[in-house]
Amino acid sequence: MGTNDVYSKLLKVQAQPVAENHDEFIELYEQVLKIVMPSTKKVVTVSPSIVGEHIENQTNKEIKELSVLIQSLSEKELIDYMNLQTIFEKELANRNSSTYISTNPFRVMFDVFFYKSEARIDRLSNERGLKLTLDGIHLNSTGARIVADEYATVIRSTLGDSSIMEVS
């Protein structure tokens with residue numbers, strides 16, 4: 001929940017139902033937590049990442065609002081929280097990234113299904129002037145490595161195991 005709730009508003013076709021407002025988002029997120037929490041020893045909530053690599057766009061401002069809500073719910077439930085948006089913001093801070101965001105659902109599907117190899121995805125990402133994503137949403141190899149490393153850090157911390165290596 002999160003990135004697609006914001007991204008779907010940009011699409012010409014709604015791919016999924018989205019939360020209409022913050023209250024509905026909180027209600028749905030709380031329902032998910034109530035289902036998940038009893039069935040596991042550890043829950044980590046994760047903020048939505050980014051929609052488009054221009055951090056100051058309106059969509060990323062909406063994601064920041066959702067991130068604050070998720071962090072607040074996490075604190076209330078004493079759940080660990082990982083803020084991917086902040087991590088991506090730091091990565092993009094000193095990089096000149098394109099404002100490209102694919103809003104055509106058919107283009108997105110084509111890219112995701114056609115560009116299956118890491119090299120092809122990274123080449124198209126580079127052609128579009130993007131640093132972390134293929135299309136402003138889906139991660140290229142650099143973005144995926146960042147996320148994998150962050151998840152590995154959380155897993156290491158949870159297990160107290162330093163044998164889990166970083167992907168980089």
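Guide: What follows begins with the chain as a whole, turns to the salt bridges, and ends with some further places in the chain.

The model is a predicted one. The protein chain has 168 residues, and 40% of them count as buried. Its secondary structure comprises 7 helices and 2 strands. Read from the N terminus, the elements follow the order α-α-β-α-β-α-α-α-α. Among contacts in the protein chain with a separation of 6 or more, 60% are between residues 24 or more positions apart. The accessible surface amounts to about 9800 Å², and carbon and sulfur atoms make up 54% of that surface.

Now to the part requested. In general, side chains of opposite charge can pair when their charged atoms come close. This structure holds 7 salt bridges. One of them joins Lys76 to Glu30, with 3.0 Å between the closest N and O atoms. Because Lys76 belongs to helix α3 and Glu30 to helix α2 (residues 22–36), this pair ties together parts that lie 46 residues apart in sequence. The relative accessible area of Lys76 is 55%, so Lys76 is exposed. Glu30, by contrast, has a relative accessible area of 22% and is therefore partly exposed.

Another salt bridge is formed by Lys42 and Asp80, whose closest N and O atoms are 2.1 Å apart. This pair, too, links distant parts of the chain: Lys42 sits in the loop between α2 and β1 (44–46), while Asp80 is in strand β2, 38 residues apart. Lys42 has a relative accessibility of 34% and so counts as partly exposed. Asp80 is likewise partly exposed, its relative accessible area being 37%.

Lys64 and Glu89 make a further salt bridge, and here the closest N and O atoms are 2.9 Å apart. With Lys64 in helix α3 and Glu89 in helix α4, the pair links distant parts of the chain, 25 residues apart. Lys64 is partly exposed, with a relative accessible area of 39%. Glu89 has a relative accessible area of 17%; buried means under 20%, and Glu89 is therefore buried. Elsewhere, salt bridges with shared partners bring Arg107, Asp111 and Arg128 into one network.

In the loop between α3 and β2 (80–82) lies Leu78. Most residues other than glycine have a negative phi. Leu78 is not a glycine, yet its phi is positive, at about 60°. Its relative accessibility is 78%, and Leu78 therefore counts as exposed.

The surface also has a nonpolar part. Phe106, Met109, Val112 and Phe113 make a nonpolar surface patch of about 440 Å². Of these, Phe106 is located in helix α5 (residues 105–114). With 59% relative accessibility, Phe106 counts as exposed, because the cut-off for exposed is over 50%.

Leaving aside residues up to four places away in sequence, Ser125 touches Leu130, Lys131, Thr133, Leu134 and Asn140.

Asn140 leads in turn to helix α7. At the start of α7, a side-chain oxygen of Asn140 comes to within 3.0 Å of the backbone nitrogen of Thr142. Helix α7 itself has 19 residues (residues 141–159), and at 1.5 Å a residue it should span 27 Å; the C-alpha atoms at its ends are 26 Å apart, which agrees. Its buried residues are Ser141, Gly143, Ile146, Val147, Asp149, Ala152 and Arg156. The elements that cover these buried residues include α4 (84–92) and α6 (118–127). After α7 comes Gly160, with a positive phi near 65°.

Definitions and conventions: Residues numbered from 1 in each chain as written. Predicted model: local features only at pLDDT ≥ 70, side-chain atom pairs only at ≥ 80, totals over all residues. Heavy atoms only, no water. Helix = DSSP H or I, 4+ residues; strand = E, 2+ residues; numbered from the N terminus. Buried < 20%, exposed > 50% of the residue type's maximum accessible area, 1.4 Å probe, protein only. Contact = heavy atoms within 4.5 Å. Areas by Shrake-Rupley, 256 points an atom, 1.4 Å probe, with all protein chains shown as cover. Expected span 1.5 Å × (residues − 1). Polar contact = N/O pair within 3.5 Å; in protein donor to acceptor, adjacent residues only side chain to side chain. Patch = residues over 30% accessible without salt bridge, like charges linked within 9 Å, V, L, I, M, F, W, Y side chains within 5 Å. Salt bridge = Lys/Arg side-chain N within 4 Å of Asp/Glu carboxyl O.
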